[in-house]
Amino acid sequence: MFCCLRAVRRRLCLEKILLQGVLQSRTLSGADAINALRPFYFAVHPDFFGQHPKEREVNENSLKRLNGYLENLQKPGFRSFKPTPLTFYVREREPNSSNVQESFSASGFRAVSFTLHTRDLLSTVLDILNSCSLSTEHIQSLNVNSQPHKEAKSTVNRPIKWDKTYYSFTGFKDPEEELEQAQRVETTLISWLDDNEASAVNKLKKSLPLRRELERLKFELSHQLQLSDIRWQRSWGIAHRCSQLHSLGRLVQQRPEVLKNVKGRTVVFTDRSGMSAAGHIMLGTMDVHHHWTKIFERLPNYYKLQKRLLLLEDRISQLLGGIQVIYIEELQPLLTLEEYYETLDSFYNKLRDSRLPFHPRSLRGLQMILESDRYAPSLHEFGHFTIPTVCDPATLQWFIFAKAQEARENLKRKEEMMITEKEPNLIPSTEKIFSGSSV
């Protein structure tokens, strides 16, 4: 029996000597330890626990104690070590993983407690990673030797290469993976067009009958109701647009009397029904015929409100030295007539109470639009002012006076551009030149 005990003792001593040799041959520097612990830092860093103050405080205190422990390990001749118990809340990408024994909270992290009692950096790093169920494979790729200061000097200029767990915990994209994907499939615009040309031509041919049907329905309804135009707010598909026109056509057949007041108007298919600030009839695509019928029946009331709105714009113009209040459909949000009237009325009451000293007709020829989602006035490149409804009257007065000349120059430039675009092209086309026809 004593022989067996001696054999076991010799084997344990041999393993201890081999372990010491391995640790000595793989001594870590402070920089190596930080690099090796990067997956751990990304998993427990307090900055990722902003919405969980309790867990954030626990991780902050534990990191301070851990950093003190690591600093003591690097002090030469330091031998007095006390076991250091630590608790961390570790973030996980897959909290439902079956191979994790710790309990998870509903917030996607788990509590891990362990005690440090090792006396070298490598053992400490391995103990931390293993306790938190983090991979240690990346440590093998570190070129660690018994002279860490020389190794540090030789790798000062090496490019930074983050561990894969950095991208797992932060959500950033791995540039190496993106580069590999780009090298595997390098798609350019020309190659993409070449690959999809046949499919596009085929889809266009199939859609031509439906496109012709859409144009036919639009023309017939516009002619029958004497509409100025039929538009769509969103890029709905051709089949969807045809369905909406069919619905309007059925309403015309069932209730022709309610559509007598639409002459000269524009019908816009939108998300809600009513009349827009620009005076267009809005038909909600999710509404049934009953709602559309009510809109057509209320058109006389809408026209009365529109006249009151124009009168309100004139009153605002008089208070601001003749500047014209306009509504630009392409640059402003789609508002109903009621919403726009309330905006104008609120702005008018504010101007009337402030009594700004604008000289009558001093700003005649200038234009402005009102917006409720801005806080500072601005001058558009087309020459009109963009004025917030919450703008302070004194600030408004100073801004208009300071930018009036620039606004007139922008308006003049806009008019010149429009005239240039309307001028006929006097240069003959190549088709006419080669065919021998004259201009």
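**Notebook: a walk through the predicted model**

I started with a sheet: four strands make an open one, ordered β7-β8-β10-β9, and the pairing is mixed. β7 (324–325) and β9 (378–379) sit at the edges with a single partner strand each, so one side of each has no neighbour in the sheet. For strands and helices I went by DSSP runs, numbered from the N terminus: helices are H or I with at least four residues, strands are E with at least two. Two strands count as paired if DSSP finds at least two bridges between them.

Before going on, I noted the ground rules. This is a predicted model, where local features need pLDDT of at least 70 and side-chain atom pairs count only at pLDDT 80 or more, while totals for chains, interfaces and linings use all residues. Residues are numbered from 1 along each chain as its sequence is written, and side-chain values use heavy atoms, with hydrogens and water left out.

**Strand pairs**

I looked up how β7 meets strand β8 (residues 367–371): the two run parallel and are joined by two bridges. Val325 stands opposite Met368 in β8.

Next I turned to strand β1 (residues 84–91). Six of its eight residues are buried, so β1 is largely enclosed by the rest of the structure. My cut-offs for this: buried is under 20% relative accessible area, exposed is over 50%, and partly exposed is in between (1.4 Å probe, protein chains only). β1 runs antiparallel to strand β2 (residues 109–116), with eight bridges between them. Val90 has Arg110 as its bridge partner in β2.

**Aromatic rings**

I searched the whole structure for ring pairs and got 10 aromatic pairs. One of them is Phe88 with Phe114, a stacked pair at 6.1 Å centre to centre with 20° between the planes. This pair links distant parts of the chain, since Phe88 is in strand β1 and Phe114 in strand β2, 26 residues apart. The rule I used takes rings of Phe, Tyr and Trp (its six-membered ring) as a pair if their centres lie within 6.5 Å; planes under 30 degrees apart are stacked, over 60 edge-to-face, and the rest tilted.

**Salt bridges**

I counted 14 salt bridges in the structure. One is a side-chain nitrogen of Lys or Arg within 4 Å of a carboxyl oxygen of Asp or Glu.

In helix α10 (residues 189–225), I looked at Arg216 and Glu213, whose closest N and O atoms are 2.7 Å apart in a salt bridge. Why is about one helical turn between Arg216 and Glu213? They are three residues apart in helix α10, which means about one helical turn separates them. Arg216 is partly exposed at 36%, and so is Glu213 at 24%.

Arg255 and Glu257 also meet in a salt bridge, 2.5 Å from N to O. Arg255 comes out partly exposed at 31%, and Glu257 partly exposed at 41%.

Asp353 is exposed at 59%, whereas Arg352 is partly exposed at 43%. Salt bridges with shared partners also join Lys218, Asp229, Arg231 and Glu329 into one network.

Most residues other than glycine have a negative phi, so I checked for exceptions. Ser133 has a phi near 60°, a positive value in a residue other than glycine. I found Ser133 in the loop between α5 (121–131) and α6 (137–140), partly exposed at 44%.

Arg355 is no glycine either, yet its phi is positive at about 55°. Arg355 lies in the loop between α14 (337–354) and β8 and is exposed at 73%.

**Cysteines**

How many disulfides does the structure hold? I found zero disulfides, taking one as a pair of cysteine sulfur atoms within 2.5 Å. Cys242 is buried at 4% relative accessible area, and Cys391 is buried at 4% too.
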